[in-house]
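Come along and check each entry against the view.

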Amino acid sequence: MIDCNVRSEKMGWLRLLRHSLKKNLLEITKQAEKAGMNVKDYIVKQLKSKDLKLSCEDLDNSKNFPHNMLI
């Protein structure tokens, strides 16, 4: 079931929450501003280049808690 959720998040079928990314959103915002990009465009670019990953891809990492599953 979790594999389906991971695929759904990657395809944009499930909404991403603030803890869905492996990096802190404040840090991502700073990096986007430094790059002179809109935060949304920066995140999309980082996800496509695989420089930014979804936390659901590594559920065993203690940094990716709490685990929330919305049904």
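**Entry 1: a cut-off first.** Before calling anything buried, I wrote down the rule: buried means under 20% relative accessible area, while exposed means over 50%. I also noted that I am looking at a predicted model.

**Entry 2: Gln-46.** I then looked up its contacts, leaving out residues up to four places away in sequence, and found Asp-51 and Leu-52.

**Entry 3: stepping back.** How many helices and strands are there in the protein? I counted three helices and zero strands. Read from the N terminus, the order of elements is α-α-α. Of the 71 residues in the protein, 23% are buried. The exposed surface comes to about 5,800 Å², and carbon and sulfur atoms supply 53% of it. I also checked the contacts with a separation of 6 or more: residues 24 or more positions apart account for 56% of them.

Entry 4: Which residues are buried in H3? My list reads Tyr-42, Ile-43 and Gln-46. These residues cover an arc of only 100° around the axis, so they lie on the same side of H3. On the other side of H3, I found Lys-40 and Lys-48 exposed. Next I asked what the buried residues of H3 pack against. The partner is H2.

**Entry 5: how H2 and H3 meet.** Two packed helices are described by the angle between their axes and the distance between the axes. For H2 and H3, the axes come within 9 Å and cross at roughly 100°. Angles of 65 to 115 degrees count as roughly perpendicular, and H2 and H3 are therefore roughly perpendicular to each other. I wrote down who meets whom: from H2 come Leu-25, Ile-28, Thr-29, Gln-31, Ala-32 and Ala-35, and from H3 come Val-39, Tyr-42 and Ile-43.

**Entry 6: the helix ends.** I looked for caps at the N-terminal ends. Helix H2, residues 25-35, is capped by Asn-24, with a side-chain oxygen 2.7 Å from the backbone nitrogen of Leu-26. For H3 the cap is Asn-38, where a side-chain oxygen lies 2.9 Å from the backbone nitrogen of Lys-40. Then I followed the chain past each helix. Just after H2, Gly-36 has a positive phi of about 70°. Just after H3, Lys-50 takes a positive phi of about 65°.

**Entry 7: Lys-50 again.** Is Lys-50 buried or exposed? Its relative accessible area is 60%, so Lys-50 is exposed. Its place is in the segment after H3.

**Entry 8: Cys-56.** My last stop, Cys-56, is also in the segment after H3. At 11% relative accessibility, Cys-56 counts as buried. What does Cys-56 touch, not counting residues up to four places away in sequence? I noted Val-6, Glu-9 and Ser-20. Cys-56 and Ser-20 are 36 residues apart along the chain, yet 6.8 Å separates their C-alpha atoms.

Terms used:
Residues are numbered from 1 along each chain as its sequence is written. This is a predicted model: local features need pLDDT of at least 70, side-chain atom pairs count only at pLDDT 80 or more; totals for chains, interfaces and linings use all residues. Side-chain values use heavy atoms; hydrogens and water are left out. Contact means heavy atoms within 4.5 Å. Helices (H or I, at least four residues) and strands (E, at least two) are DSSP runs, numbered from the N terminus. Buried means under 20% relative accessible area, exposed over 50%, partly exposed in between (1.4 Å probe, protein chains only). Accessible areas come from the Shrake-Rupley method with a 1.4 Å probe; for residues, only the protein chains shown count as cover. A polar contact is a pair of N or O atoms within 3.5 Å; within protein, one must be able to donate a hydrogen and the other to accept it, and residues adjacent in sequence count only if both atoms are side-chain atoms. The arc is that of the directions from the helix axis to the C-beta atoms. Axes are lines fitted to C-alpha atoms, for helices over the stretch in contact, and angles run from 0 to 180 degrees between N-to-C directions. Angles under 35 degrees count as roughly parallel, over 145 as roughly antiparallel, 65 to 115 as roughly perpendicular and the rest as oblique.
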